[in-house]
Amino acid sequence: MATYIIQYERKGCIGAGVCAAVNPDNFVMNKDGKADLMGSELKDSNTMVFEKEMDESQLANAKMAAEGCPVNVIHIINKETGEKII
Ligand code: SF4
């Protein structure tokens, strides 16, 4: 089963809440009005980029979050090939 990386640029989040609504396994709204990618690691403190690995079983829901985000701050990358899916 392929492994994917969810990449989330928290700085750009406008708090629309779509991600938490369609993919509550990965995203939750924080009190500061922005989403949190649960269980993720901070990769870049300037841009507030967080990353988390997931397997293929989570891909469909994570894709819905990424596609639904109005400011495109959620991305999905195939860990093996490096292909950016969204
Ligand atoms: S959908 Fe995008 S803008 Fe809305 S809360 Fe999630 S990350 Fe933030």
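Mentor: This is a predicted model, and we may begin with Asn26, which lies in the loop between α1 (18-22) and β2 (27-29).

Trainee: Is Asn26 buried or exposed, and how is that to be read?

Mentor: The reading rests on relative accessible area, and a residue under 20% is called buried. Asn26 has a relative accessibility of 0%, so it counts as buried.

Trainee: Which residues does Asn26 touch, beyond those up to four places away in sequence?

Mentor: With those neighbours set aside, Asn26 touches Ile6, Asp36, Leu37, Met38, Lys52, Met54, Gln58 and Ala62. For a sense of distance, Asn26 and Ala60 are 34 residues apart in sequence, and their C-alpha atoms are 12 Å apart in space.

Trainee: What does Met38 touch when residues up to four places away in sequence are not counted?

Mentor: Its contacts are Pro24, Asp25, Asn26, Phe27, Val28 and Lys52.

Trainee: How should I read the backbone angle phi in the loops?

Mentor: Most residues other than glycine have a negative phi. In this model, Met48 has a positive phi, near 55°, and is not a glycine. Met48 is found in the loop between β4 and β5 (49-55), and it is partly exposed at a relative accessible area of 28%.

Trainee: What is the phi of Asn72, and where does Asn72 lie?

Mentor: Asn72 has a positive phi of about 50°, although it is not a glycine. Its place is the loop between α2 (59-68) and β6 (74-78).

Trainee: Val71 is also in the loop between α2 and β6. Which residues is Val71 in contact with, leaving aside neighbours within four places in sequence?

Mentor: Val71 is in contact with Gly12, Cys13 and Ile14. At 32% relative accessibility, Val71 counts as partly exposed. The C-alpha atoms of Val71 and Asn61 are separated by 18 Å, and the two residues are ten apart along the chain.

Trainee: How many nonpolar, polar and charged residues make up the lining of the largest cavity?

Mentor: The lining has eleven nonpolar residues, two polar residues and no charged residues.

Trainee: Where does the ligand sit?

Mentor: The ligand sits in the largest cavity. It is surrounded by 15 residues, of which the closest are Cys13, Ala16, Gly17, Cys19 and Cys69. By class, this shell has 13 nonpolar, two polar and no charged residues. Cys13, one of the closest residues to the ligand, is also a contact of Val71.

Key:
Residues numbered from 1 in each chain as written. Predicted model: local features only at pLDDT ≥ 70, side-chain atom pairs only at ≥ 80, totals over all residues. Heavy atoms only, no water. Near = heavy atom within 4 Å. 1 Å grid on protein atoms, 1.4 Å probe; cavity = no way out; pocket = protein on both sides within 12 Å on 5 of 7 lines; lining within 4 Å. Sits in = over half its atoms within 2 Å of the grid points. Nonpolar A, V, L, I, M, F, W, Y, C, P; charged D, E, K, R; others polar. Contact = heavy atoms within 4.5 Å. Helix = DSSP H or I, 4+ residues; strand = E, 2+ residues; numbered from the N terminus. Buried < 20%, exposed > 50% of the residue type's maximum accessible area, 1.4 Å probe, protein only.
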